[in-house]
Amino acid sequence: MVACDPPRRAELLDRATLVLNRSWRPVHVTTVRRALCMVFREAARIVATDTLSTFTFEEWLEQPVPHGAPAIRSPSLRLQVPEVVLLTQYDRVPCHEAPFTRRNLFLRDDYTCQYCGRRCTTDHLSVDHVLPRSRGGGTSWENCVLACVGCNARKADRTLKEAGLRLLRPPTRPRWTPYLTLRPSQRMESWSKFTTDRRRSANM
Ligand SMILES: [Zn+2]
């Protein structure tokens, strides 16, 4: 593989790259390192995010690197770091389910109390069972929401009706997307061209 300043190279090679299936639908997020390997093996082509033209590894090497664009450099070449690659064979969409975990619940509800709409830090939020467990409410996507300390205390072991509270929106199982495990800061602006769901933190 091509060389450049080691710390910088490692950082660039670990950056996130969006993987599209053959039908241009996002299916995965990988590292630049693995994306370049796929392109090198001809399992994928690099997508120029401005023109949407696609390139083989050799063709990409011949492309001029735009001024200021991140690139992997060696004495003899400069390779622009790809942000999106297109698989050449795979055309399915993986059928995953977002696992019900505390972390994913925080992402779904965007660190926001689902009763008063206040955005809080993790310390000030807890997982509330909409139908209390004492009334047979389950621990599931459909019965759990984030609640701030105040709303949680107000609701206590009561139903919505008893507590006179309303939910901002009905809790549902979130849709899985390739961005499930990525922090918003790790996502590339150019990826928005390939997805219709641009909600920041609820992208699951
Ligand atoms: Zn609240």
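I began with helix α2 (residues 32-40), which lies across β1, β2, β3 (44-47) and β7 and runs at about 110° to β2. Helices here are DSSP runs of H or I with at least four residues and strands are runs of E with at least two, numbered from the N terminus; axes are lines fitted to C-alpha atoms, for helices over the stretch in contact (C-beta atoms, placed from the backbone, within 7 Å), and angles run from 0 to 180 degrees between N-to-C directions.

This is a predicted model, in which local features need pLDDT of at least 70 and side-chain atom pairs count only at pLDDT 80 or more, while totals for chains, interfaces and linings use all residues. Residues are numbered from 1 along each chain as its sequence is written.

Next I checked burial in α2 and found V32, A35, L36, M38 and V39 buried, meaning that 20 or more other C-beta atoms, placed from the backbone, lie within 10 Å of a residue's own. These residues cover an arc of only 160° around the axis, taken from the directions from the axis to the C-beta atoms, which puts them on the same side of α2. Just after α2, E42 takes a positive phi of about 65°.

I then traced the open sheet, whose five strands have the order β2-β1-β7-β3-β4 with mixed pairing, a pair needing at least two DSSP bridges. Because β2 (26-31) and β4 (54-55) stand at the edges with a single partner strand each, one side of each is left without a neighbour in the sheet. Strand β1 (residues 16-20) pairs with β7 (residues 84-87) in the parallel sense over three bridges, and L20 stands opposite L86 in β7.

Definitions and conventions: Two residues are in contact if their C-beta atoms, placed from the backbone, lie within 7 Å. A residue is buried if 20 or more other C-beta atoms lie within 10 Å of its own, exposed if 12 or fewer, and partly exposed in between; C-beta atoms are placed from the backbone.
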